Amino acid sequence: MKILLISANTETINMPVLPLGLAFINAALLAQGFETKMINLMGAEDAKKLLNETISKFCPDAIGISVRNIDTQDIKRPMFMLDPVREMIAWCRMYSKAPIIIGGPGYSIYPEAALDYLDADMGIKGEGEIAFPALLRRIENQQPISDVPGLYLPQKGAVRSRQCIRQTSEILFPLPVHMPIPDSISKKDLWMPFQTRRGCPMNCSYCSTASIEGRLIRKFSIQQAIKTLAAYSDAGYNQFFFVDNTFNLPPSYAEALCDGIISANIKIAWRCILYPAKINETLIRKMARAGCKEVSLGFESGSDEILKHFNKRFNTSDIRNT
């Protein structure tokens with residue numbers, strides 16, 4: 001079965017972002033014997049032409065489209081980001097009769113409404129490494145699809161609730177071969193996304209992470225993470241962005257990950273996102289030794305009262321200490 005994977009995100013606000021989630025899906029499909037073709041529309045001069053040429057040559061049996069964002073989160077120049085995806089889906093329908101299945105973090109926030117608006121055939125909320133291959137096998141064998149976790153159908157909503165993958169050993173880390181990089185992104189500007197944990201228990205009042213990844217932190221094998229980082233480094237990629245929601249939670253895992261990078265002598269530079277609490281000098285020193293050059297420290301407000309209303313588990317004193 002031939003599967004075309006499309007990353008629909010074309011925005012480069014702040015930095016060009018590679019489709020890590022779709023790369024995880026690509027790795028999972030290839031491991032299960034599917035034939036895949038993955039295209040990234042970021043930087044494409046003529047997306048419609050690229051889709052036409054790719055579909056004509058590859059002749060997919062199914063098309064998977066990743067939706068990264070709903071809007072730009074720019075209060076001065078807001079932009080609704082589902083309209084371009086809707087147009088891409090219409091183009092796919094012009095060139096192929098294959099079923100169109102959507103997923104990704106943006107879709108997972110509003111799965112029912114987004115599916116109906118985008119006019120796709122099906123959607124998968126949350127993680128797709130197990131659900132997507134299972135859905136494709138059922139389509140291929142003309143079997144019922146009602147037992148696929150996280151599956152949504154147009155005008156019907158959820159067929160079955162999503163299930164977070166508890167055993168992260170079942171998830172394969174994507175390698176460079178699983179993630180095509182557009183020519184428009186130069187290596188010096190590229191920060192390769194890398195994930196070692198999923199889920200966040202902090203329950204901040206405004207956050208969509210729970211809708212996408214769940215509230216339980218699920219840790220990947222540190223040994224496998226180090227092995228994969230080394231593979232990327234050997235392939236010439238030496239700048240990484242750890243996209244874990246909170247790199248320092250739990251602190252013991254973060255320290256062990258840094259120890260692993262140091263012990264393996266992997267010469268990389270990296271960024272991460274820190275929660276402004278549960279920070280200690282030992283962890284920060286290990287991060288520096290392991291190659292950390294920059295952190296994103298989002299604390300939302302300098303008011304203890306507002307932080308409390310946001311359901312933050314830190315205060316302004318913690319921020320100053322961090």
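Entry: I began with Pro-250, which I found in the loop between strand E11 (239–242) and H9. Helices here are DSSP runs of H or I with at least four residues, strands are E runs of at least two, and both are numbered from the N terminus. The bond joining Leu-249 to Pro-250 is cis, with omega about -10 degrees. I jotted down a reminder that most peptide bonds are trans, and that most residues other than glycine have a negative phi.

**Entry: ground rules.** I noted that this is a predicted model, in which local features need pLDDT of at least 70 and side-chain atom pairs count only at pLDDT 80 or more, while totals for chains, interfaces and linings use all residues. Residues are numbered from 1 along each chain as its sequence is written, and side-chain values use heavy atoms, with hydrogens and water left out.

**Entry: positive phi.** Asn-203 has a positive phi of about 60 degrees, and I placed Asn-203 in the loop between strand E9 (197–198) and helix H7 (209–213). Glu-300 has a positive phi of about 65 degrees and sits in the loop between strand E13 (292–297) and H11. Asn-203 is partly exposed at 37% relative accessible area, and Glu-300 is partly exposed at 42%. My cut-offs were under 20% for buried, over 50% for exposed and partly exposed in between, using a 1.4 Å probe and protein chains only.

**Entry: Lys-312.** I found Lys-312 in the loop between helix H11 (304–309) and helix H12 (316–321). Is Lys-312 buried or exposed? Lys-312 is buried, with a relative accessible area of 12%. Its side chain makes a polar contact of 2.7 Å with the side chain of Tyr-206. For a polar contact I required a pair of N or O atoms within 3.5 Å; within protein, one must be able to donate a hydrogen and the other to accept it, and residues adjacent in sequence count only if both atoms are side-chain atoms.

**Entry: Trp-270.** I then turned to Trp-270 in strand E12 (residues 269–274), which counts as buried at 0% relative accessibility. Its side chain reaches the backbone oxygen of Ala-290 at 2.9 Å. Trp-270 and Gly-291 are 21 residues apart in sequence, yet 6.0 Å apart in space, C-alpha to C-alpha. Setting aside neighbours within four places in sequence, the contacts of Trp-270 include Trp-191, Phe-240, Phe-242, Phe-247, Cys-258, Ile-261 and Met-287.

**Entry: H9 and H10.** Cys-258 and Ile-261 in H9 are also among the residues that meet H10, where Met-287 and Ala-290 take part. Helix H9 (residues 251–264) packs against helix H10 (residues 281–290) at about 30 degrees, with axes 9 Å apart. Axes are lines fitted to C-alpha atoms, for helices over the stretch in contact, and angles run from 0 to 180 degrees between N-to-C directions. H9 is therefore roughly parallel to H10; angles under 35 degrees count as roughly parallel, over 145 as roughly antiparallel, 65 to 115 as roughly perpendicular and the rest as oblique.

Terms used
Contact = heavy atoms within 4.5 Å.
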